[in-house]
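Me: I'd like to learn how to read a model like this one, feature by feature. Could you walk me through it?

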Amino acid sequence: MKLYLHVGPHKTGTTLIQKTMLDNQGLLLQQGVFYPKNFVTIFGHHDFRNKIQDEAITDEDVLFLEHTEKNVLLSSEDFISLNEKNFRYLKQRLSNFDIEIIYSWRRGNKKMFSIWQEYVKHGGQDTFFEYHFPHLARPATSAMLSPDIKLQSFARVFGKNKVKIIDYDAAAEADNLLELFFSIIQVSDTKEFKIPLQDENASNKSLKYYESELLRALNTFFAVNKEISGSQVRIAFNEHRAKLDPDIINNLFELIKNDIIEVNADKYFIDQRSEKVMSDKFVGCIANYQENKLINSFTLSSQKWLLRSDAQMKIKQLAEELCEYLS
């Protein structure tokens with residue numbers, strides 16, 4: 001039996017893959033792949049990730065995964081945060097399985113904004129540059145910017161031939177991420193599968209740069225003045241936006257839009273290095289490798305808008321309106 005361990009990482013279509021697998025669990029089982037509902041939080045097997053970290057996989061857990069005598073698929077973008085010792089423990093506990101790792105490679109310059117944006121959605125207050133400086137300062141030690149760090153670790157534990165890689169950027173361009181994923185887990189007949197639509201209110205929905213910057217400013221205001229942190233601000237803002245003063249929101253958006261900088265990203269050495277390492281060392285593991293052009297630039301706020309007295313007043317007014325839904 002095989003165990004397919006889908007490790008993400010974050011911002012590589014994991015939610016779409018996980019929801020597709022949950023929605024089609026019965027059809028997957030008919031084709032020899034068991035996507036268990038046990039250990040699932042939201043759509044992924046995040047609870048099983050915690051069992052690995054805590055070295056708490058029980059004999060009952062092992063028997064449950066083995067009982068169908070089918071190949072098993074476990075998916076969690078949080079698997080990527082485990083260390084080599086954790087994966088050796090997993091291999092030892094699930095010794096009856098032939099374990100294969102599924103990893104989606106997304107170039108750093110294409111995911112840095114998305115990852116920062118996700119951080120802001122969950123209450124983050126740091127600017128883009130504050131958040132990413134530790135990674136850019138030491139890129140060779142950053143698993144986010146140097147995919148080979150984790151891939152080499154997987155190869156040492158499970159064998160390089162057991163590491164399956166999806167070039168996420170190429171898959172996104174060709175719109176065939178699910179097709180590639182199904183091919184790796186050896187599921188060929190998907191014509192009856194139900195493919196989920198994107199939820200307009202989903203927490204992982206992409207934001208515009210000015211939306212992220214306004215949310216970051218609100219996160220900071222509530223953390224400093226109300227001791228409120230986490231995703232509560234985003235949730236309240238999204239759920240009750242229609243009740244908030246649209247003029248204040250639109251005026252703040254305009255202030256942010258008039259205070260932008262263009263970040264030149266096409267010369268990032270780390271992406272040039274990663275492209276060479278991946279094409280030299282792991283190209284045989286990649287299902288759909290395609291040399292990818294680096295993005296030229298992306299837009300951010302310079303944060304100077306926050307020094308304006310009218311901006312500070314409007315942030316305070318908006319926060320006071322939001323307070324009604326955060327108490």
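Me: Which residues of H10 are buried?

Reply: First, a caution: this is a predicted model. A residue counts as buried when its relative accessible area is under 20%. In H10, the buried residues are Leu-177, Leu-178, Leu-180, Phe-181, Phe-182 and Ile-184. That is six of the eight residues in the helix, which spans 177–184, so H10 is mostly covered.

Me: What is the phi of Asp-175, and where does Asp-175 lie?

Reply: Asp-175 has a phi of about 55 degrees, positive although the residue is not a glycine. Its place is the loop between helix H9 (168–174) and H10.

Me: Is Asp-175 buried or exposed?

Reply: The cut-off for exposed is over 50%. Asp-175 is exposed, because its relative accessibility is 72%.

Me: What about Ile-42: where is it, and what is its phi?

Reply: Ile-42 sits in the loop between strand S2 (33–34) and helix H3 (46–53). Its phi is positive, near 65 degrees. Ile-42 is also exposed, because its relative accessible area is 67%.

Me: Now the backbone bonds. Is the peptide bond from Gly-8 to Pro-9 cis or trans?

Reply: Most peptide bonds are trans. The bond from Gly-8 to Pro-9 is cis, with omega near 0 degrees. Pro-9 is in the loop between strand S1 (2–6) and helix H1 (14–23).

Me: How do I read a helix pair? At what angle do H11 and H13 pack?

Reply: Look at the angle and the distance between the axes. Helix H11 (residues 209–225) and helix H13 (residues 246–257) pack at about 110 degrees, with axes 9 Å apart. Angles of 65 to 115 degrees count as roughly perpendicular, so H11 and H13 are roughly perpendicular to each other. Their crossing is right-handed.

Me: Which residues make that contact between H11 and H13?

Reply: H11 brings Tyr-209, Tyr-210, Glu-211, Glu-213 and Leu-214. H13 brings Leu-252, Phe-253, Ile-256 and Lys-257. By class, the contact has six nonpolar, three charged and no polar residues.

Me: Last one: how many disulfides are there?

Reply: A disulfide is a covalent bond between the sulfur atoms of two cysteines. The test is a pair of cysteine sulfur atoms within 2.5 Å. By that rule, the count is zero.

Me: Is Cys-285 buried or exposed?

Reply: Cys-285 is buried, because its relative accessibility is 13%. Cys-323 has 22%, so it is partly exposed.

Definitions and conventions
Residues are numbered from 1 along each chain as its sequence is written. This is a predicted model: local features need pLDDT of at least 70, side-chain atom pairs count only at pLDDT 80 or more; totals for chains, interfaces and linings use all residues. Side-chain values use heavy atoms; hydrogens and water are left out. Buried means under 20% relative accessible area, exposed over 50%, partly exposed in between (1.4 Å probe, protein chains only). Axes are lines fitted to C-alpha atoms, for helices over the stretch in contact, and angles run from 0 to 180 degrees between N-to-C directions. Helices (H or I, at least four residues) and strands (E, at least two) are DSSP runs, numbered from the N terminus. Angles under 35 degrees count as roughly parallel, over 145 as roughly antiparallel, 65 to 115 as roughly perpendicular and the rest as oblique. A crossing is left-handed if the near helix is turned anticlockwise from the far one by less than a right angle, and right-handed if clockwise. Contact means heavy atoms within 4.5 Å. Ala, Val, Leu, Ile, Met, Phe, Trp, Tyr, Cys and Pro count as nonpolar, Asp, Glu, Lys and Arg as charged, and the others, Gly among them, as polar.
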